[in-house]
Amino acid sequence: DLLILHDGSLANLSEFVNSLLYPIWDRQGPATLPKSIDYSVRTSKETKEAWQDLKVALGLLDARYICGNFAQFEEVKNDAELAWKRDRLEELRMSLNERHERFGDLAYLLEPDIKEARGGLRDINALRAISRSEAININTDQLDDFEERLLNVRDSLHKVSGRDKDLLLFQEQDKVAADLGLADADVLMGQVATIARSIDYLLNVAWHKYDNRKSKFTFRKSKPTNVGKNIGVDNHEVIIEAIDPTVGMRAAAKASQLGLPISIDSCELIKGIGLDNPWPRETREDLVAFIGGGSAMERVWEALDQAGIIEEWLPEWGSVRSLPQRNALHRHTVDRHMVETAIVAAKLTRTVHRPDLLLIGSLFHDIGKGTEEDHSDRGEKLIAPIARRIGFSESDIKTLQFLVKHHLLLSSTATRRDLDDPATIQSIIDVVPDMQHLELLHALSIADGEATGKAAWSDWKATLLRELCTKVELAITDNTVASQPVVTTEQEKLALSGSLHVTIEDRDR
C-alpha cells in the first residue's frame, strides 16, 4: 500500500500522481510480477481523519519512509502511534473475530487463505499492533520467522498460479511444495498448520493478558468460586488452585461441562504432570466428561493441545496433529476432524447404551491415518494400547477396536449397495455381532459424516443409513433375513440385454 502524503500546495497533484503510478502499472516484465498497487493520496489532516478506519490505523503503524519530506512523514507516523496507544484493542478484537468467523482456521482447513484465516499473516500484524499499543507486554520474537515462512508460501503461490491470490487450493499445493523444495503437499500443509497454531496460541495468550490487565482494576466482591477438588472459577475461567496428580483432566472436564475456557496459566501449571498407567477410574471418567462437553470442549482441547499437554496424556496424538488430508470431501486436518466428530457425537450420547465408548471411539476413529497402511486396520491396532492405558476393560477395548476398524462400514454400504438385497443385510450381520455394536456404529457413522462436511453428508445419506440400520436391527432381533426377491422372466431378459430399463410401481412400504 502506497501513501502519497502532501501539504496541499502542489498545483499539479493529479499529474504528479499519474506520472508516478502509470509507469508501475504499465511496466513490462514477467507475468508473475504485480501490475497494480493500492494507493491513497492524503494531506496530514486527511490522514489523521482516516485513522478512524481500523485498517488505515494498522497500516500506518508499519509505515516506512521512501522519499520526500521526511519531517512530514515522521510527524504523521508519530501521531499515528500515539493515537493507537489510546487503546483500540477492543475494536481490533471485534474485527479479528469477524474475520476468523468468515475465513476459518489456517491450521485446520485443507484449502486455507494464507492471509486472512485465523493464524495467518493478518494475525501476525494484529499481534504486532497489540504489542505496539503498550497495553500489555507480549513476546514477538518468533513473529519475524513465522511471517517469513508464510510469506514464502504466499509468494510461491502467486508464482505457480500466476495470480495475486491467497487461497491455497488443492491443485496448487503440490506445485508450491515443489517450488519451496519440500517433499510433497502434506509436508507443506503440515508446516503451515504448525505455524498457524503457534500464531493463534500467541494471540490467545495476548488477549488473556489483556483481559487480566483490565481485571486488576475491577473490584472483586468474592474469592474464586470452588467447583471441584483444587479447581475454581475466576474471571469466567476455570483455574487450578492446587496441584494433584489428576487435577489436569479434572479441570479440563469441568471447563468443558461448564462451557468456560481453561486459563492459560493453569495449562502451564499442569505441564509435565504424568498420569499413572493405567489411568485411575476417575481420570477416565473425567476424559469422557471432557469430550462429552460438545462444542464447549473445542477451545479447552485447543488450549491444552497448544500447551503440549494433549500429547503428554495421549502420545499417539502427535502422529495426526496438523496432519492434512488429501481428500476433497474433508474440510479439516485429521486431528481437527476427530475433535469435530467427538463434538457431534456428544449430541448423540442419549441414543446409545454406552456413551463413553461412542465418545472415545469418535475421538480416535481416524488415529490410524498418516501412513500407507489402511487407516482402519492401523487404527484398530493403535486404539488397543491407548484404551488399555486409559483404563478400559478388555471387552470394552475389543468394542473400541471394532468401532475404529469398521467406522466406514455402514455409510459405505448404505450409499453403494442395494438395501433391498438380502445379501447386503447379511454382509452387515456377518460383521456386527449384536445390537449394542450396531447402535454405536450407527451413531459414530452419523458423527463422522456430519463432521466431514456437506460434501460427504446429507439428509439423503442419513436416510439411507437409518434404513440400513433398521433392516439390520430387524434381522438381528428376528434372527431372519428377508428372502431373495423373485426375478421374473421379463426381468431376466432385460438384464441379459445389457440396456438400462426403469419401471415405477406402486408397492407397500
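Analyst: Helices (H or I, at least four residues) and strands (E, at least two) are DSSP runs, numbered from the N terminus. This is a predicted model, where local features need pLDDT of at least 70, side-chain atom pairs count only at pLDDT 80 or more, and totals for chains, interfaces and linings use all residues. Residues are numbered from 1 along each chain as its sequence is written, and side-chain values use heavy atoms, without hydrogens and water.

First, the example. D234 sits in strand 4, which covers residues 231-234. D234 counts as buried because its relative accessibility is 18% (buried is under 20% relative accessible area, exposed over 50%, partly exposed in between, with a 1.4 Å probe and protein chains only). S263 is 29 residues from D234 in sequence, yet their C-alpha atoms are 9.2 Å apart in space.

On a 1 Å grid over the protein atoms alone, a cavity is a set of points where a 1.4 Å probe fits but cannot get out; a pocket is an open set with protein on both sides within 12 Å along at least five of seven lines; lining residues have an atom within 4 Å of a point.

Take the second largest pocket. Its volume is about 1,200 Å³, counted as the space filled by probe spheres set on the points. Its lining has 38 residues. R118, D200, N204, E298 and R299 lie nearest the centre of this pocket. Four helices each supply at least two lining residues: helix 5 (89-103), helix 9 (185-215), helix 13 (297-306) and helix 15 (334-346). Helix 9 gives the most, with eight residues. By class, the pocket lining holds 13 nonpolar, twelve polar and 13 charged residues (Ala, Val, Leu, Ile, Met, Phe, Trp, Tyr, Cys and Pro are nonpolar; Asp, Glu, Lys and Arg are charged; the others, Gly among them, are polar).

The whole structure has five cavities of 30 Å³ or more. The largest cavity has a volume of about 60 Å³. E298 turns up again in its lining, together with Y108, R197, W301, E302, D305, W317, D335, R336 and V339. Helix 13 and helix 15 return too, each supplying at least two residues of this cavity lining. Helix 13 has the largest share, four residues. The cavity lining divides into six charged, four nonpolar and no polar residues.
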